[in-house]
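The following note sets out, point by point, what may be said about the model under review. Please read it alongside the coordinates.

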Amino acid sequence: MRHLIVQIVAEKLLKHNFCTENVTAFYNSQNRLLIELYFDSEKAPNNCERICDIISDELKISLDYSEPVCSGKEARRVDV
């Protein structure tokens with residue numbers, strides 16, 4: 001199931017010209033879906049809300065997002 005979510009999210013974002021370096025999806029101990037999106041820091045999109053909306057629409061679930069975390073050449077966006 002997680003692999004399918006990762007594939008769906010990565011393909012949908014690519015269709016909207018958001019090129020991820022990596023996508024991970026997992027359920028935490030409270031059974032909440034967490035999706036982490038990794039981008040090259042130089043190409044990381046600024047609009048987290050738009051990305052969250054795209055994923056929410058595709059998965060048909062309500063998601064929220066956290067602020068980006070940058071480390072070196074990588075930027076992480078987390079959708080919950």
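1. N17 belongs to the loop between α1 and β1. Helices (H or I, at least four residues) and strands (E, at least two) are DSSP runs, numbered from the N terminus. N17 is exposed, having a relative accessible area of 70%; the classes are buried for under 20% relative accessible area, exposed for over 50%, and partly exposed in between (1.4 Å probe, protein chains only). Although N17 is not a glycine, its phi is positive, at about 65°. Most residues other than glycine have a negative phi.

2. On provenance, this is a predicted model, in which local features need pLDDT of at least 70 and side-chain atom pairs count only at pLDDT 80 or more, while totals for chains, interfaces and linings use all residues. Residues are numbered from 1 along each chain as its sequence is written, and side-chain values use heavy atoms, with hydrogens and water left out.

3. A positive phi is also found at K60, which is not a glycine; the value is near 60°. K60 is placed in the loop between α2 and β3 (69-71). With a relative accessibility of 70%, K60 is classed as exposed.

4. The loop between α1 and β1 also holds T20. Is T20 buried or exposed? Its relative accessibility is 18%, so T20 counts as buried. Setting aside residues up to four places away in sequence, T20 touches A10, L13, Y38 and F39, where contact means heavy atoms within 4.5 Å.

5. As to the overall fold, the protein contains two helices and four strands. Their order from the N terminus is α-β-β-α-β-β. Among contacts between residues at least 6 apart in sequence, 48% join residues at least 24 apart.

6. The radius of gyration of the protein is 12 Å, which agrees with the value near 12 Å for a compact globule of 80 residues. This radius is taken over C-alpha atoms, and the globule rule is 2.2 Å times the number of residues to the power 0.38. Along the principal axes, the C-alpha atoms fill a box of roughly 30 × 25 × 20 Å.

7. Of the 80 residues, 35% count as buried. The protein exposes about 5,300 Å², of which carbon and sulfur atoms supply 46%. Accessible areas come from the Shrake-Rupley method with a 1.4 Å probe; for residues, only the protein chains shown count as cover.

8. Turning to charge, the protein carries 10 positive and 13 negative side chains, and the centres of the two sets lie 3 Å apart. Lys and Arg count as positive and Asp and Glu as negative, whereas His and the chain ends are not counted. Each charge is placed at NZ of Lys, CZ of Arg, CG of Asp or CD of Glu.

9. How many salt bridges does a search of the whole structure find? The search finds one, a salt bridge being a side-chain nitrogen of Lys or Arg within 4 Å of a carboxyl oxygen of Asp or Glu. The side chains of K12 and E58 form a salt bridge, at 3.2 Å from N to O. This pair links distant parts of the chain, with K12 in helix α1 (residues 2-15) and E58 in helix α2 (residues 48-59), 46 residues apart. K12 counts as partly exposed at 24% relative accessibility, and E58 as partly exposed at 35%. Side chains of opposite charge can pair when their charged atoms come close.

10. Strand β1 (residues 22-27) includes Y27. Y27 has a relative accessibility of 38% and therefore counts as partly exposed. Apart from neighbours within four places in sequence, Y27 is in contact with I5, R32 and L33. Y27 and R76, 49 residues apart in sequence, have C-alpha atoms 18 Å apart in space.

11. Two asparagines deserve mention together. N46 is located in the loop between β2 and α2, and N47 lies in the loop between β2 (33-40) and α2. N46 is exposed at 77% relative accessibility, whereas N47 is partly exposed at 42%. From C-alpha to C-alpha, N46 and E67 are 10.0 Å apart in space and 21 residues apart in sequence. A separation of 17 Å is found between the C-alpha atoms of N47 and E58, which are eleven residues apart along the chain.
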